[in-house]
Amino acid sequence: MEPLDAVIIGAGFAGLRALHTLRGMGKRVRVLEASDGVGGVWYHNAYPGARCDVESYDYSYSFSSELEQEWRWSERYATQPEILRYINHVADRFDLRRDISLNTRMASAVYDEASARWAIHAEDGRTWSAQFLVMCVGQLSTTKRPSYPGQDQFQGEIIHSGVWPKHKVEFTGKRVAIIGTGSSGMQMTPVIAREAQHLTVFQRTANYSIPAANAPVTDEEDRQVKANYKTRREQAWNSPTGLGFMPNRQSALDVSPEEREKVYEAAWNRYGFGFALAYHDILLSKPANDTAADFIRRKIAAVIDDPVVREKLVPKGHAFAARRPSVDSGYFQAFNRPNVELADVRESPIVEFTPEGIRTTAKEHRFDIIIFATGFDAFTGSLLRPEIVGRSGQTLKAKWAAGPVTQLGVSVAGFPNMLIVVGPGSPSLLSNVMVSTEEQIDWLAALIRRMDAEQIVEFEADPQAEQEWVRHVNERAKETLYLTADSYYNGAEVAGKPRVFMPYSGGVRGYRRILQKCAAEGYTGFHLRARPAARQA
Ligand code: NAP
């Protein structure tokens, strides 16, 4: 068993940052990565049209000003291949690969109370021992695949957007189905529509979307961002979502309809996700939200030619941004093409897959390729997949049977020396995840420095503090409209999953202050022990 200071699970953005930081502190670290390349979700989600809907300059590491200065983003919203090139560049530039074991899936991790160390086992039988277990497994990395009668009989190719095949998928001359109209389905639709002979999009819930307003980055823009990068980062860290947008302090209800229209128009044309901050109460008040939802519905309706299709594609039944909206590049316009068809599965559910395609209650469709853009077992899927055994033989699965509980979204009582990066109970998917990732890893690094300085061997969340944090997360969520819709924020995406609101909606800046206060006050809500609890008299 190779003795290490830390084992990090996952070589995506979080895992690479954790490796770089901990290694820089002189720690012996190994990263276990299940797939055969680095990049996490950006390695796997290689579907046509995949791009980030956070601006490139903000969806990037801030830890190295040299890296910031040397990397040249080509578009305002980077494509998946460009982001993957960036991640690989980082892995090479900081010589990270030598500490990464690819093709190594963690099967289990067991905490040894006497030594205050984790024994980490890979599926292939290899084992590591480490003081710290750092879970960097992503929030949207365990795919959700529907199972329809006859699915195995289908003679064409079935692909999930989240594990896109490495071979080139040829759409020319093909009849293609996309099931699902979240961000993934909405991004791939216009691209596949341009290539395929025929495309059918199966929609269950119509989704809100804001135009990306993507554009190439000019040399002048690049120069300006790089000259002011520090300020830009500070703005992101101090903004509610980590995107750099500060909410308009006005209420949507305190201005005239004409004024509101102007503000929404400007936000629509430029801000992508920032649209939700056009007024401060869009996510807090239903009447305020209605004004934004109404504007978006009109915008969407205006670009769809067919009245029947238009009626189906315009979102209704949930508040704008109560479920994750999309940022698209021509999704709705794609339905004006003669080769694109919308199939409403609420109206005509899928009955079965046939060898030739899909049979709904309305008709029989013939396909060569069926794409599941059906999403993920969000937040907890990848954390609960391996067997994680904490104090007294308790598993994380058992502890989270009624839903995830964490102290500050980073740590779980009964699982000492384990850190979850961007876990449930942290801003995670309600934030620019790059900001949240770096924030939490820096917090962990400071904690470990303190442990080293004071010869502390074990940190552990206090169960009472954990309950308080969960209560606080729920209180903050109740102030918003998030609880008014079924979504992956609250476990509704997987049948039988506990219905618990998982991300922290108190904002990136507020969360940052809480983490900093906790550290400044000597890690309140945590126990720091010079000897493992199990060996204390
Ligand atoms: P998603 O948002 O969870 O959407 C899944 C879609 O599949 C929904 O339309 C859902 O319908 C539908 N669906 C699921 N099961 C179905 C079934 N059995 N029959 C019919 N429809 C079904 O998943 P996603 O689009 O992959 O996106 C997940 C998240 O990944 C995004 O919200 C975002 O956070 C991230 N993402 C980001 C980017 C980016 O940065 N550009 C791109 C892609 C994804 P219902 O709504 O009715 O459940």
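**Close-up views of a predicted model**

View 1. H7 and helix H14 (433–453) each give at least two residues to the lining of the second largest cavity. Helices here are DSSP runs (H or I, at least four residues), numbered from the N terminus. A cavity is a set of points, on a 1 Å grid over the protein atoms alone, where a 1.4 Å probe fits but cannot get out; lining residues have an atom within 4 Å of a point. The volume is about 60 Å³, taken as the space filled by probe spheres set on the points, with grid points joined across faces, edges and corners. Asp 58, Ser 60, Ser 62, Arg 233, Ala 236, Trp 237, Asn 432, Met 434, Val 435 and Glu 438 form the lining. By class there are 4 nonpolar, 3 polar and 3 charged residues. Ala, Val, Leu, Ile, Met, Phe, Trp, Tyr, Cys and Pro count as nonpolar, Asp, Glu, Lys and Arg as charged, and the others, Gly among them, as polar.

The model is predicted: local features need pLDDT of at least 70, side-chain atom pairs count only at pLDDT 80 or more, and totals for chains, interfaces and linings use all residues. Residues are numbered from 1 along each chain as its sequence is written, and side-chain values use heavy atoms, with hydrogens and water left out.

View 2. The structure holds 5 cavities of 30 Å³ or more.

**View 3. The second largest pocket is lined by 20 residues.** A pocket is an open set of points with protein on both sides within 12 Å along at least five of seven lines. Glu 55, Asp 58, Val 225, Arg 232 and Arg 270 lie nearest the pocket centre. Helix H6 (219–227) and helix H7 (229–237) are the elements that give two or more residues to this lining. The pocket volume is about 580 Å³. The lining has 9 nonpolar, 5 polar and 6 charged residues.

**View 4. Helices H8 and H9 cross at roughly 60°.** The axes of H8 (residues 257–270) and H9 (residues 286–302) come within 11 Å. Axes are lines fitted to C-alpha atoms, for helices over the stretch in contact, and angles run from 0 to 180 degrees between N-to-C directions.
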